[in-house]
Amino acid sequence: MTMQKLLSKARKAIQDFDMIQENDKIAVGLSGGKDSLTLLHILKNYQRFSPQKFELIAITLNPGGVDNSPLYKLCKDLDIEFHEVQTDIKEIVFDIRKEKNPCSLCANLRRGALNDTAKKLGCTKVALGHHKDDAIETFIMSLFYEGRVNCFSPKTYLDKQDITVIRPMVYIEEYMTKKATKEFNYPVIVNPCPANGSTKRQDVKELLDQLNSTMPGVNKNIFGALNNSEKLFIWDKDKIK
């Protein structure tokens, strides 16, 4: 039942934002966390009944010293082509640059490496495991820390790299990925980041939890504003092609 609900929400997002076209080759950014593992299983299941035929592969970026053998086994069991890319992202961010707020630089480096690898492998799309709660948190972070009204898009074409980023889980709440991970016993890789659990995103997540406890429906209303924001271009709908 859990997978059916996940597929229903993912299918709606895929259709609403026209995420997948015939003969696409889609690379899932597989970090080994609960969200990317859930996304991989969603797309593998969706592939069976999708009106468009598409190819699916997985790409994992190793920031340094992480044992990703469980991901190799998982992809083999799912019959999904798997690629692990060794990087020095951790060394650059924490040892060389010694960033006090490392998330932005780390995300940019990971995004660039993932997109470049996907393009070299002949992919037309990169699928990321961002869910509904990520969208809400990103919007609040942009508002509070950057002083602007903005959020990532469900679908974005990157003209410099000639590749499209899609987020099929944008209608899926985080609790559902937690439930799926527990129910299906996904092989979660522990996040090796030294800043894990002590980031601005974590602060915003906790703030939203507090707001929802005193004002039920806050997350629902924020996401509703995001999803009905064509005039404000919060979704960057001009980039949804």
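Which residues have the most contacts inside the largest nonpolar core? They are Ile20, Ile26, Leu30, Leu40, Ile42 and Leu43, in a core of 51 residues. Please keep in mind as you look around that this is a predicted model.

**The protein as a whole**
- The secondary structure comprises 9 helices and 6 strands.
- Of the 241 residues in the protein, 47% are buried.

**Nonpolar cores**
- In soluble globular proteins, nonpolar side chains tend to be buried together.
- Ile26, one of the residues with the most contacts inside the largest core, is a handy place to start exploring.
- Leaving out residues up to four places away in sequence, Ile26 touches Ile20, Leu43, Phe54, Glu55, Leu56, Ile57, Lys125, Ala127 and Ile166.
- There is also a second, separate core of 11 residues, whose members include Ile59, Val126, Leu128 and Val165.

**Strands β2 and β3**
- Strand β2 covers residues 54–62 and strand β3 covers residues 81–86; the two pair in the parallel sense over 6 bridges.
- To get from β2 to β3, the chain passes through helix α3 (residues 69–78), and this β-α-β crossover is right-handed.
- If you want a landmark in the pairing, look at isoleucine 57, which stands opposite glutamate 81 in β3.

**Lysine 44**
- You will find lysine 44 in helix α2, which spans residues 34–46.
- Is lysine 44 buried or exposed? Its relative accessible area is 16%, so it counts as buried, the cut-off being under 20%.
- Beyond its neighbours within four places in sequence, lysine 44 is in contact with Leu56, Leu78, Asp79 and Ile80.
- A polar atom of the lysine 44 side chain lies 3.1 Å from the backbone oxygen of leucine 78.
- Lysine 44 and aspartate 79 are 35 residues apart along the chain, and their C-alpha atoms are separated by 9.3 Å.

**Lysine 205**
- Helix α8, made of residues 200–214, holds lysine 205.
- Lysine 205 has a relative accessibility of 18%, and because the cut-off is under 20%, this residue is buried too.
- Setting aside residues up to four places away in sequence, lysine 205 touches Glu137 and Glu174.

Notes. Residues numbered from 1 in each chain as written. Predicted model: local features only at pLDDT ≥ 70, side-chain atom pairs only at ≥ 80, totals over all residues. Heavy atoms only, no water. Pairing = 2+ DSSP bridges. Helix = DSSP H or I, 4+ residues; strand = E, 2+ residues; numbered from the N terminus. Right-handed = clockwise from strand over helix to strand, strands pointing away. Buried < 20%, exposed > 50% of the residue type's maximum accessible area, 1.4 Å probe, protein only. Contact = heavy atoms within 4.5 Å. Polar contact = N/O pair within 3.5 Å; in protein donor to acceptor, adjacent residues only side chain to side chain. Core = buried A, V, L, I, M, F, W, Y, C linked by side-chain atoms within 4.5 Å.
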